[in-house]
Amino acid sequence: MSSTFIYLLLFLPLLITAEKCNKYDKRALLSIKSALNNPYLLASWTSSSACCEWYGIQCDPGVPGNSDGSRVTSLFISTDSNVTGTIPPAIGDLPFLTTLGFHKFPNVTGNIPYSITRLTRLTFLFLTWNSLSGPIPSFLSQIPSLTDIYLAFNKFSGSIPPELAKLPFIQIFDFSRNRLTGSIPAEFGNFNKSYPPDLVLNHNSLSGDLPVSLGVPEWGKIDLSRNNFTGDASFLFGAGKSTRYIDLSRNEFAFDLSRVTFPVNLTILDLNHNKITGSIPAQINQLVDSPYFPVFNVSYNRLCGEIPAGPITATFGVDSYFHNKCLCGSPLPPCTSKQI
């Protein structure tokens with residue numbers, strides 16, 4: 001038996017499967033291409049070629065219902081300022097989609113279409129660095145399969161929908177660098193205490209006091225920096241929590257840092273440019289589970305007292321401590337009797 005015949009026997013069925021794509025998925029994709037004004041980026045999307053071989057498309061021949069061709073499970077396209085238009089309703093005509101990504105299309109505008117709720121298998125939603133606008137839609141809560149929602153670097157406005165707290169498997173909300181207003185919904189305190197999503201809301205216009213309910217989940221990462229939040233945030237901390245990343249910088253938070261205990265897994269803590277009082281707890285140097293601590297910044301607050309000596313505080317220079325009320329000790333000038 002020749003080697004050529006063996007090759008064909010083994011691999012021809014796979015080649016045929018790879019070339020075959022579902023006609024309904026192909027129709028939806030061509031509709032999406034048309035709605036985006038047929039950009040050169042999607043030149044491989046032609047009626048004469050198999051859609052599973054197109055740029056930005058992945059198919060899975062193993063999903064149910066593929067008798068008419070492999071189903072499209074991933075659509076991820078990126079980086080072209082010549083792509084114009086809106087995300088078309090036809091996006092909802094890809095029922096086996098698990099990943100949807102539109103990234104770095106500065107001339108893609110408009111809202112997220114309601115038809116996305118038909119994507120009942122969608123887990124990963126990545127719509128970043130575009131010019132999408134309007135409110136973050138509450139109807140995203142109708143897609144319970146979602147685990148990751150990235151909407152950063154757009155022009156979304158309005159408040160954060162409390163309905164998003166209903167998503168049972170969500171692992172991250174990244175709504176950073178938009179134009180969001182209002183506060184964080186109290187309902188976000190209802191996430192699973194031990195496995196809440198990462199909450200990334202930096203560079204918006206969010207404001208007001210944080211709901212106390214946010215102190216219940218053990219956030220892995222919470223980034224509220226560069227907003228207009230006020231009041232207490234001490235309940236985000238706690239020695240028994242597993243939080244590794246807290247960035248509250250450039251807000252108007254006001255609480256006594258002396259009363260805070262730090263999560264043992266903490267590796268990033270940025271509190272700069274707030275109205276935080278008290279002193280730095282010595283416990284910061286006892287985080288033995290965090291030998292790598294790349295960010296620690298308490299500058300531009302109202303702290304007093306001596307900087308506690310230890311391996312973490314000694315790692316950082318003057319710019320992590322300066323512009324406080326009466327903070328002293330290395331790397332700042334030595335304390336006087338009035339400062340201790």
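Student: Is Leu167 buried or exposed?
Tutor: Leu167 counts as buried, because its relative accessibility is 2%. Buried means under 20% relative accessible area, exposed over 50%, and partly exposed in between, with a 1.4 Å probe and protein chains only.

Student: What kind of model is this?
Tutor: This is a predicted model, where local features need pLDDT of at least 70, side-chain atom pairs count only at pLDDT 80 or more, and totals for chains, interfaces and linings use all residues. Residues are numbered from 1 along each chain as its sequence is written, and side-chain values use heavy atoms, with hydrogens and water left out.

Student: OK, where does Leu167 lie?
Tutor: Leu167 is in the loop between strand 7 (155–158) and strand 8 (172–174). Strands (E, at least two residues) and helices (H or I, at least four) are DSSP runs, numbered from the N terminus.

Student: And which residues is Leu167 in contact with?
Tutor: Leaving aside neighbours within four places in sequence, Leu167 contacts Leu140, Ser141, Ile143, Pro144, Leu146, Ile149, Phe173 and Phe191. Contact means heavy atoms within 4.5 Å. Leu140 is 27 residues away along the chain, and its C-alpha atom is 8.6 Å from that of Leu167.

Student: New topic. Which strands form the open sheet?
Tutor: Three strands form it in the order 11-13-15, with parallel pairing. Strand 11 (207–209) and strand 15 (252–253) each have a single partner strand, so one side of each has no neighbour in the sheet. Two strands pair if DSSP finds at least two bridges between them.

Student: How many bridges join strand 13 and strand 15?
Tutor: Two, in the parallel sense; strand 13 is residues 228–231. Gly231 has Phe253 in strand 15 as its bridge partner.
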